[in-house]
Amino acid sequence: MRTHPGDENENNTSPMHRFPSILTAVALTATPLATAKEERPNIIFIFSDDHALQAITSYGDSRYEDYFQTPNIDRLAADGALFVNSYCANSICGPSRANVLTGKHSVHNGFVDNSSRFDGNQPTVNKYLREADYETAIIGKWHLVTEPVGFDHWEILPGQGSYWNPDFIQMDGSTERFEGYVTDIITDKTIDWLENRADKDQPFLLMSQHKAPHRNWMPAERHLMLFEGIDLPVPETLFDDYSNRSVALKEQQMMIADHFFWGWDMFFHEAPPEEAGMMGGLENREYQRMTPLQQRSFDYAYGPRQQRFLDDLAAGKLSEKDITRWKYQRYIKNYLRTIKALDENIGRLLDHLDETGLAENTIVIYSSDQGFYLGEKGWYDKRWMFEESFVMPFILRWPGVVEPGIRPEALIQNIDYAPTFMEVAGLEVPEDMQGHSLMPILKNHGETPEGWREELYYFYTGEGVHRVAAHDGVRTDRYKVFYLPRTDEWQFFDLVEDPNELRSLHDDPDYADIFSEMKALYHEVRARYEIPEGLPN
Ligand code: SGN
Ligand code: CA
């Protein structure tokens with residue numbers, strides 16, 4: 001039987017009533033929270049791919065909230081802690097996953113960009129937990145090229161994986177195809193694993209990792225008609241001119257206006273008409289994976305929409321900006337449709353935990369590998385240290401320990417997850433992990449504890465895709481500074497005065513002092529994390 005500090009108060013239905021005594025009890029315990037095998041909580045880490053905070057209702061400032069909500073992710077937030085200042089260390093898929101597994105910045109785990117290969121011989125949090133008799137599993141998107149090491153069970157998507165009728169690599173190295181929609185299938189497999197565990201008393205770490213809402217944003221059949229006839233709100237900066245910032249902002253290739261493929265991103269089958277000014281060349285490979293019946297539903301939904309657009313274009317009714325607005329609508333609707341299925345499936349998993357009683361002693365986390373641009377600055381994709389892609393959702397529910405509905409403000413980063421899991425499992429955090437356990441925040445009603453870090457370090461190497469220049473930098477609660485080696489430029493932002501980061505203040509005399517302080521801090525933090533000189537490049 002599992003017990004946890006809170007059981008004796010079970011008759012008190014009000015969670016708020018239960019908390020003070022539990023937290024006091026926890027705070028008074030000198031040893032780690034739980035040491036006996038049966039007391040150690042399970043961890044379910046639900047990790048999606050490219051989920052922007054702007055598309056999570058409980059994060060608060062979703063411009064879409066009148067049209068689109070995430071009730072199940074919000075349910076987790078209402079029952080747990082939603083970290084409002086949560087960031088990644090390197091805003092791209094593979095590196096972020098390596099940060100999570102190792103608790104280290106990219107240069108120290110060797111996975112600096114998506115062309116890296118993860119060295120499975122290095123220490124990872126799942127290996128530590130496995131040694132301490134946790135059962136470990138990863139299901140879904142992996143994206144670290146080499147096979148997972150240190151998991152009792154794994155079943156992963158090859159590379160980026162597919163939305164429709166996805167393939168999964170099995171532990172014996174074979175690949176199997178499953179008919180259906182990837183988000184549903186990953187959840188089925190997650191629930192199956194929970195149901196079929198041999199020793200139900202053994203604590204576990206289960207990483208359930210989704211493809212959605214990654215490009216090319218293919219919805220499930222049941223969501224194809226969502227938002228029909230509705231125009232979703234447009235971000236203020238959709239037509240950003242990139243003035244007052246580095247020239248690198250103009251050189252990227254991640255603009256909704258210029259860098260969407262007609263087939264891959266816009267779902268057209270035939271070549272683009274010239275007046276559309278669209279990139280041809282890349283077909284919708286996902287469509288090619290569908291069964292004829294699935295293709296019929298898809299064409300039924302998109303056919304008339306495409307035709308209306310082509311007719312308006314041919315009739316000369318659309319300005320360049322209208323075309324960009326149309327692309328934005330196509331993009332954002334598909335993006336949110338994929339999140340609809342994700343949120344539903346998170347609800348399905350949470351229901352399963354409730355029904356089986358597992359919810360009680362299981363920490364459930366929802367996070368995503370980085371943030372994403374939903375038209376801000378005219379962009380899709382990520383990579384930049386600007387807020388939209390630097391942030392990461394991080395929501396953690398732990399019944400009986402974490403006070404429901406708290407919104408911790410401490411600056412946290414994905415290198416903190418591994419140390420947190422270590423402490424949850426009653427293990428010491430290894431010296432070479434660079435993150436910090438979130439336990440003091442979780443046990444402190446979400447308040448930032450004395451001595452908590454005051455700045456975050458960020459690093460991006462500038463790989464070829466989307467041509468975003470390499471940069472690295474530091475962010476405090478108010479200021480952000482980063483350096484771009486390619487153009488030998490500093491960028492410096494005051495996030496209170498300029499939350500959209502539209503003007504770099506590096507040459508503003510009024511900010512000269514604080515700018516030099518931030519540069520000094522940048523060098524200090526780089527030294528602290530042992531970042532080699534000359535990187536990134
Ligand atoms: C693919 C996508 C990019 C995306 C990267 C990284 N292009 O290359 O838009 O930035 O993945 O994504 S696509 O044409 O193949 O869709 S990540 O998930 O690894 O961060
Ligand atoms: Ca990603």
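Q: In this predicted model, how far is an oxygen atom of ligand 1 from an N or O atom in the side chain of lysine 382?
A: The pair falls under the heading of a polar contact (N or O atoms within 3.5 Å). Between an oxygen atom of ligand 1 and an N or O atom in the side chain of lysine 382, the distance is 2.9 Å.

Q: Which lysine has a side-chain N or O atom 3.4 Å from an oxygen atom of ligand 1?
A: The side chain of glutamine 160 places an N or O atom 2.9 Å from an oxygen atom of ligand 1. The distance of 3.4 Å, again from an oxygen atom of ligand 1 to a side-chain N or O atom, belongs to lysine 141.

Q: How much of the accessible area of ligand 1 does the protein cover?
A: On its own, ligand 1 has 460 Å² of accessible area, computed by the Shrake-Rupley method with a 1.4 Å probe. Of this area, the protein covers 87%.

Q: Which residues come nearest to ligand 1?
A: Around ligand 1 there are 16 residues, each with a heavy atom within 4 Å. Those that come nearest are Cys93, Asn114, Asp381, Arg383 and His466.

Terms used:
Residues are numbered from 1 along each chain as its sequence is written. Chains are lettered from A and ligands numbered from 1 in the order in which they are written. This is a predicted model: local features need pLDDT of at least 70, side-chain atom pairs count only at pLDDT 80 or more; totals for chains, interfaces and linings use all residues. Side-chain values use heavy atoms; hydrogens and water are left out. A polar contact is a pair of N or O atoms within 3.5 Å; within protein, one must be able to donate a hydrogen and the other to accept it, and residues adjacent in sequence count only if both atoms are side-chain atoms.
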